[in-house]
Amino acid sequence: MHRFRSSLLSHHRCLHSLQNAGPLCSHLKSRSVIRFSGPDTIKFLQGLLSNDVRRFGEPPREENSPIPTPNVASVVVPPMYAALLTPQGRFLYDLFLYRPPRPEEKLDRTGSGPGNGSGGSGGSVEILADVDNSISDELLATLKKYRLRSKVDIGNVAEDFSCWQRYGRDLSGKTPTVEEPEADSVGWGGGVDSAGKSASHSSDVGWQWFKDPRLDCLGFRGIFPSGTMPPLVESDKETDEENYLMWRLEKGIAEGSTEIPKGEAIPLEYNFAGLNAISFDKGCYVGQELIARTHHTGVIRKRLLPLKFLDNNGKGSLPPSGFNEVNYLTTTQLTHFVISEVEGKVTPGSEVIKTASGKKLGSVTTALGFRGMGVLRLDDAFKDTLTIQGQEDIKVMAIRPDWWPAEWFQDQQNTAVA
């Protein structure tokens with residue numbers, strides 16, 4: 001079997017391959033891991049982050065394993081996506097939080113009793129966080145400034161752990177225990193997975209895949225010991241992280257402080273509410289006031305959107321005016337059109353304008369080949385011809401993601417009427 005190669009002839013062929021490929025897996029070298037531990041861990045994170053971290057301190061739910069599995073937790077706490085904001089409510093850092101199973105929550109290697117350390121946690125909690133590698137040192141320094149007298153240790157464990165993503169057409173929307181039973185555990189379930197068995201024996205913690213806490217269409221995410229291959233990763237399906245970026249670009253999902261401007265981005269404009277990164281019911285946290293006020297009283301007039309960059313030489317054609325009564329294209333509908341695509345001519349920071357009037361609607365935040373993302377005004381993004389300022393030969397197509405809640409589009413219609 002030929003090895004899947006990330007260096008495809010073009011990003012168009014790359015995207016076509018991703019859309020038709022089965023499960024793929026990428027080692028996320030752009031991400032790093034930090035560890036929180038100590039009796040005040042939950043309280044400390046609860047006062048800082050946008051999501052409700054108290055769930056990590058509650059009794060975990062029972063996991064429906066086919067058979068008791070040594071070294072794998074019989075109970076599981078799903079991961080959580082959250083953000084650390086400025087006091088003014090602007091984005092700083094995103095974090096994927098994991099609570100590793102405690103020894104008493106796993107069977108020992110014989111499978112006949114609880115693991116070592118049962119009952120010895122003393123109220124202490126350990127949390128691992130998957131964070132942007134480019135700002136990990138800065139994030140650590142920021143967290144330590146907030147620590148004050150809290151009894152929580154914060155450390156960089158990037159050398160010990162690696163972050164991975166498992167994604168692709170065959171994983172979108174699946175649940176791990178029903179349709180993808182082996183993806184929910186590194187243990188020995190209905191079928192024996194050699195890589196999973198090896199990974200299970202490599203550490204005193206049962207490392208496993210989890211459904212991505214943001215959206216089902218993103219597949220599975222996990223933290224695994226460095227130097228080991230995660231379970232269920234077929235050698236021919238491991239691919240470069242750039243393909244994971246392309247998968248996210250198609251869906252309009254930004255990740256990390258490189259794609260989400262640090263100190264500038266408003267989380268609700270980057271769709272954090274739809275990505276399960278914000279709790280509107282928890283108590284106070286840093287930056288909460290702007291988030292709560294915007295959510296309860298305001299309309300989100302701009303949002304992060306998937307973009308496609310098109311040639312204007314007449315070889316292709318945009319959808320005809322009036323194609324859709326509500327003036328938007330879903331990802332599925334987009335595939336029905338023959339479009340001449342532009343690769344590598346648009347860069348982050350490029351301004352998107354209305355072709356007719358020159359009115360600025362927003363800017364490109366991320367670009368790869370003919371795909372990108374940008375924060376645009378919703379009242380004009382879907383109904384006017386758009387272009388890149390200074391590059392009028394390049395047209396921009398804004399795409400409404402399939403995963404968007406219906407009320408977001410309703411908000412856009414209301415804004416346009418107003």
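**Note on the sheet and cores of a predicted model**

1. Strands β5 and β6 (residues 91–98) run antiparallel and are joined by 6 bridges, where strands are DSSP runs of E of at least two residues and helices are runs of H or I of at least four, numbered from the N terminus. Residues are numbered from 1 along each chain as its sequence is written, and side-chain values use heavy atoms, with hydrogens and water left out.

2. The pair belongs to an open sheet of 5 strands with antiparallel pairing, in the order β5-β6-β7-β2-β8; two strands count as paired if DSSP finds at least two bridges between them. At the edges are β5 (80–85) and β8 (153–156), each of which pairs on one side only, and the twist from one strand to the next averages 30°. As a reminder, strands of a sheet pair through backbone hydrogen bonds, either parallel or antiparallel.

3. Helix α3 (residues 136–147) lies across β2 (31–38), β5, β6, β7 (125–132) and β8, and runs at about 170° to β8. Such angles run from 0 to 180 degrees between N-to-C directions, with axes fitted as lines to C-alpha atoms, for helices over the stretch in contact (heavy atoms within 4.5 Å).

4. The largest nonpolar core has 71 residues, of which Trp209, Tyr270, Phe272, Leu305, Leu307, Phe309 and Leu376 touch the most other members. A nonpolar core is a set of buried Ala, Val, Leu, Ile, Met, Phe, Trp, Tyr and Cys residues joined through side-chain atoms within 4.5 Å, and buried means under 20% relative accessible area, with a 1.4 Å probe and protein chains only. Helix α5 (residues 241–251) gives the most to this core, with 5 residues. Domain 1 (24–110 + 123–171 + 195–295) and domain 2 (301–415) both contribute residues, so the core lies between them; the domain bounds come from an automatic or database assignment.

5. Leaving aside neighbours within four places in sequence, Phe272 is in contact with Tyr81, Ala83, Phe91, Ile260, Pro267, Ala277 and Ile278.

Methods: Predicted model: local features only at pLDDT ≥ 70, side-chain atom pairs only at ≥ 80, totals over all residues. Buried < 20%, exposed > 50% of the residue type's maximum accessible area, 1.4 Å probe, protein only.
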